Amino acid sequence: MGEDSLFILPLFNLGPVQLTSTVITTWVMMAIIGGFAWLATRRLQMKPDRLQTLLEAMVSLIEESIRGIAPQHVQQIMPFIGTLWVFIVIANLTGLIPGMHSPTRDLSTTAALACLVFLSVHWFGIRIQGLKNYLQHYLQPSPILLPFHIISEMTRTIALAVRLFGNMMSLEMVALLILLVAGFLVPVPILMLHIVEALVQAYIFGMLALIYVAGGLQSQQRRQQKQGVSDA
Amino acid sequence: MELNWSTFVLEIFNFLVLLWILKHFLYQPLLEMIARRRAAIENQLTEAEQQHAKADALKQQYESRLADWERERQKAMDKLMREIEHHRSIQLEKLKSELAQEAEKRRVAESRQQQQTLHDIEQRALQQAAEFSSRLLAEAAGPELENRLFELLLDGLNAMPAEQISALSNEWGTAPELIRVNSAYPLADHQRQQLEATLSRVTGLSVPVHYEQDTQLLAGLNIIIGAWLLQLNVRDELQGFKEFTHVEH
C-alpha cells in the first residue's frame, strides 16, 4: 500500500497551481465525455439508432426525475443535475480502471461538487425568485430559525462532500486491502460492489442536490400559495 | 485526507466546463431532437385526429345520406304502392265493369236465347197448329164449306164501301178482258149468276167470267181481276194464317 494510494499527491506544479492526478483524470474524463457527446449528437435522426436511443433515454430519465421533484424548473435545473450525475457516475467508475483513481476519491473534488451544489441552490433561488424573496425564506417560519437554516446549509454541504468522498475512498481502500491480503482475482466481487456503489452514490449525490435546489425554489412557491390564499 | 485548494478550484472550473460542454453538445441537441420528435408525433396525432374528425364527419354525412336515401326510398315505395293501389283499383273497376258488361251480355244473350227458344216453341206450336188446322180443315173441307164461303164472299163484296171499290178500279187501270174465278168445287149455275151480278155491280165491268176448278184450294174460291186477286178459300186462308204467324214474330 503506497503513499499515493492513501493520499493525492501533486504530480507537478504549474506556477502556483498544483496539478494532481485527480485533475488530470478529470481532464481525460472531460475530453472523453465531450468528444463522445459531440460525436454522438452530430447526426441525430428522427428515427434514432441504438446509441441515440440510449442517450435520449438517459436524458429523458434525468428530465423525468427532475420533473417529479421540480416540475416548473426542469429546463433551468436539468443541465446542472444531469452533469452532476454523468460526472459522478463516470468519475466513480474510473476507479475500476487499473492504475487510475476515482476523482471522487479526492475530498477536493467532492468538496468542489458540494460547493457547487451549495452555490447552485442560491444561484437558482436568487435567479428565479429574486434576492429579497429568496433570502426571506431563511426567516420562515420564524427569524429565530435563521441560525439553524445557516447551520443546515453548511452541514448538509459538508455531509454531501464527505459522504461521497468517504464511500468512494473506502471502496478503493477495501479493494486494495483485499488485493494485498487475499491475492489476485479475489477483489472481483468487491469490484462488482464498486459498480453498484458508484451508481448509488452518484444517484444519492445528484438526488440530494436536486432536492436542495428544489427545496429553495419551492419555499418561494409555498409562500406565493400562502399569499394567494390570504388574498382570496 | 486533505483539501487541495488548487484541485478544489480546478475541479469547480472543470465541472463548469463539462456542464457547458454537455449542455451544448448533449442535452440541447438531444432535447431538441426529442422536442422535434414529440412535435412530429403531435402533428401526426393532430393529423390523425383531423382525419378521424373528417372520417367522423364523412361517416355522419354518409349516415345522413343513407337516411335521406332511406326516406326517399320509403317515399318512392309509398308512391309506388299508392300508384299500384290506384292502378289496381282502376283495373278492378274496369274488371268489374267488364264483368258487368259480360254479365249483361250474357243476360241479354240468355234473354235473347230464351226469346228465341220461346219463339221457336211458339213457331213450332203455330206450325203444328197450322198443320193441325190445315189437316183438320182439309179433312173438313167440302161443298158445304165452299157454299158457306161463297156466301161470305158475296156478303163481303156487297158490303164493300164505295171508296174501296173506287181504289180497286184505279189499281187495275185499263179494264181486264176477263175475270177468272177458281173454285175447289164446280159452282152451281145460280151461284155463277149471283157472282157475276155482284162482280158486275161492284167492279162496273162487263167482261166474261172464266171458271176453273182448283182442288188445291180445298174449299172456297179466288177471283182474279187483272192485277187484283180476291181470295176466300181454305188454302189461302191457311197460308195467310201461317204468314200472319210469321209476321207476328
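Biologist: What makes up the accessible surface of chain B, and how much of that surface belongs to carbon and sulfur atoms?
Modeller: In this predicted model, the accessible surface of chain B comes to about 17300 Å². Carbon and sulfur atoms hold 55% of that area.

Biologist: Why is Thr83(A) called buried?
Modeller: Buried means under 20% relative accessible area. Thr83(A) has 0% relative accessibility, so Thr83(A) counts as buried.

Biologist: Where is Thr83(A), and which residues of chain B does Thr83(A) touch?
Modeller: Thr83(A) lies in helix H4 of chain A, which covers residues 74-94. Leaving aside residues up to four places away in sequence, Thr83(A) touches Phe15(B), Leu18(B), Leu19(B), Leu22(B) and Tyr27(B). A contact here means heavy atoms within 4.5 Å.

Biologist: How do you know what radius of gyration to set chain B against?
Modeller: A compact globule of 249 residues would have a radius of gyration near 18 Å, whereas chain B has 66 Å. Along its principal axes, the C-alpha trace of chain B spans about 210 × 40 × 25 Å.

Biologist: How many of the residues of chain B count as buried?
Modeller: The share is 27% of the 249 residues of chain B.

Biologist: What helices and strands does chain B have, and in what order do the elements run?
Modeller: Chain B has five helices and four strands. From the N terminus on, the order in chain B is α-α-α-β-α-β-β-β-α.

Biologist: How far apart are the mean positions of the positive and negative charges of chain B?
Modeller: For the 27 positive and 38 negative charges of chain B, the mean positions are 14 Å apart.

Definitions and conventions. Residues numbered from 1 in each chain as written. Chains lettered and ligands numbered in written order. Predicted model: local features only at pLDDT ≥ 70, side-chain atom pairs only at ≥ 80, totals over all residues. Heavy atoms only, no water. Helix = DSSP H or I, 4+ residues; strand = E, 2+ residues; numbered from the N terminus. Rg over C-alpha atoms; globule rule 2.2 N^0.38 Å. Buried < 20%, exposed > 50% of the residue type's maximum accessible area, 1.4 Å probe, protein only. Areas by Shrake-Rupley, 256 points an atom, 1.4 Å probe, with all protein chains shown as cover. Lys, Arg positive; Asp, Glu negative; His and termini not counted. Charge placed at Lys NZ, Arg CZ, Asp CG, Glu CD.
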